[in-house]
Amino acid sequence: MKKKILIDAERLKYPKSGIANVCVSLIKGLDEKVSDFEYSFYGPEKNMPRTVKKFTILNWKFWQKKIPVATGTFSLIHTTHQLSDYFHQIKNGQKKVVTLHDLNFLHDNSSETKVKKSTRLVQKNIGNADAIVCISDFVKEDFLKNKHLFTLKQDVKVEVIYNGLIFPEITDFNFNRKYSFTGKKYILNIGVLFPKKNQEVLLDLLTRNDRELVLVTSSAKSAYKEKFIEKTKTLGLENRVHILENVDNDEKYFLLQHCESYCHPSLAEGFGIPPVEAMYFGKPVFLSRLTSLPEIGGELAFYFDDFSAESMQQVYASGMQTYGSRADEYASQLKERALKFGYREMAAAYEKLYSELLD
């Protein structure tokens with residue numbers, strides 16, 4: 001009889017979020033594998049991806065924070081992010097895996113109240129875990145450095161499994177919408193407009209060149225977004241900066257396919273999905289040297305050593321020249337590196353961990 005595993009995919013409530021995409025990738029990867037386990041997924045049934053196998057879906061309900069889902073039949077529970085409000089308790093004999101995406105609240109100038117609240121919630125998730133999966137070596141190092149903040153099982157495993165992406169099977173996307181930047185050279189950035197994403201320095205970069213800037217973001221309002229828009233006006237860049245909200249995957253892929261470059265000057269990343277997507281399309285990527293990003297870009301990416309306009313433009317011009325001198329070869333190498341972060345690789349690594357814990 002196959003052992004049962006329950007995977008918490010509650011973040012599919014927010015289908016455009018990074019963690020939701022990782023959940024979809026994990027489900028797809030497990031769907032394609034011949035497995036010794038019987039998988040069930042917890043989350044909103046309407047947002048679950050279609051699968052070949054008939055997985056059991058435990059449909060998310062808002063009241064389940066107060067009245068937990070019955071989990072007694074499962075041999076292992078996998079909580080897919082460290083701030084989950086679910087599955088804090090496990091039964092005797094059950095195993096638990098928790099994916100740790102980051103401890104950003106320790107580093108982003110959060111208030112003391114928020115730090116304490118977030119630390120308590122992470123503790124509820126990882127305190128009884130048999131394995132903690134970090135999504136990058138950076139996250140693992142950061143966790144081990146701050147391990148003293150948490151009470152853990154004595155023999156807990158701590159290992160790295162990179163997030164896995166589902167790449168499009170085609171690389172030629174036709175999109176009917178006409179943009180004002182169509183046919184022009186543009187820099188692309190994907191992510192919520194948020195202080196740690198540091199998109200405002202890209203405006204300074206634009207003051208030193210003639211490129212357009214396209215930002216794919218959410219429609220959520222924030223003080224940082226207002227600050228970004230105000231700075232755009234102050235610098236007189238309104239006609240060269242384009243904010244696109246809540247785009248679907250095909251439109252995102254179209255933008256990736258036609259951009260000149262992808263720039264990601266983030267101050268804090270647990271992993272970094274958009275740079276991997278850009279590399280899949282063979283686009284030159286310009287990253288900060290901070291946190292996990294050098295793990296993603298490796299020697300193929302170009303790095304901003306600081307965020308002054310002059311320095312960034314120097315890195316940008318030099319990087320584009322290097323890329324352009326052997327564009328086809330460079331693009332092929334970038335795509336090859338991106339494929340190492342695939343959904344099949346992630347699913348295989350997780351199933352290997354489940355097997356080790358349940359043997």
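Entry 1. Are Phe 286 and Phe 304 buried or exposed? I worked from a predicted model, and in it both Phe 286 and Phe 304 are buried.

Entry 2. I next turned to the aromatic pairs, of which I recorded 25. I noted a relative accessible area of 3% for Tyr 39, which is buried. Tyr 354, at 0%, is also buried.

Entry 3. I then returned to Phe 286 and Phe 304, whose rings are stacked, with 6.1 Å between centres and 25° between planes. Because Phe 286 lies in strand E12 (residues 285-288) and Phe 304 in strand E13 (residues 302-304), the pair ties together parts 18 residues apart in sequence.

Entry 4. Which residues do ring pairs link into a cluster with Tyr 39 and Tyr 354? I found Phe 37, Phe 41, Phe 55 and Tyr 350.

Entry 5. Finally, I examined Lys 96, which is in strand E5 (residues 95-100). Lys 96 counts as buried because its relative accessibility is 0%. Leaving aside residues up to four places away in sequence, I listed its contacts, among them Ile 77, Phe 87, His 88, Asn 125 and Asp 130. A polar atom of the Lys 96 side chain lies 2.9 Å from the backbone oxygen of Asn 125.

How values were computed. Residues numbered from 1 in each chain as written. Predicted model: local features only at pLDDT ≥ 70, side-chain atom pairs only at ≥ 80, totals over all residues. Heavy atoms only, no water. Helix = DSSP H or I, 4+ residues; strand = E, 2+ residues; numbered from the N terminus. Buried < 20%, exposed > 50% of the residue type's maximum accessible area, 1.4 Å probe, protein only. Contact = heavy atoms within 4.5 Å. Polar contact = N/O pair within 3.5 Å; in protein donor to acceptor, adjacent residues only side chain to side chain. Phe/Tyr/Trp six-rings, centres within 6.5 Å; stacked < 30°, edge-to-face > 60°.
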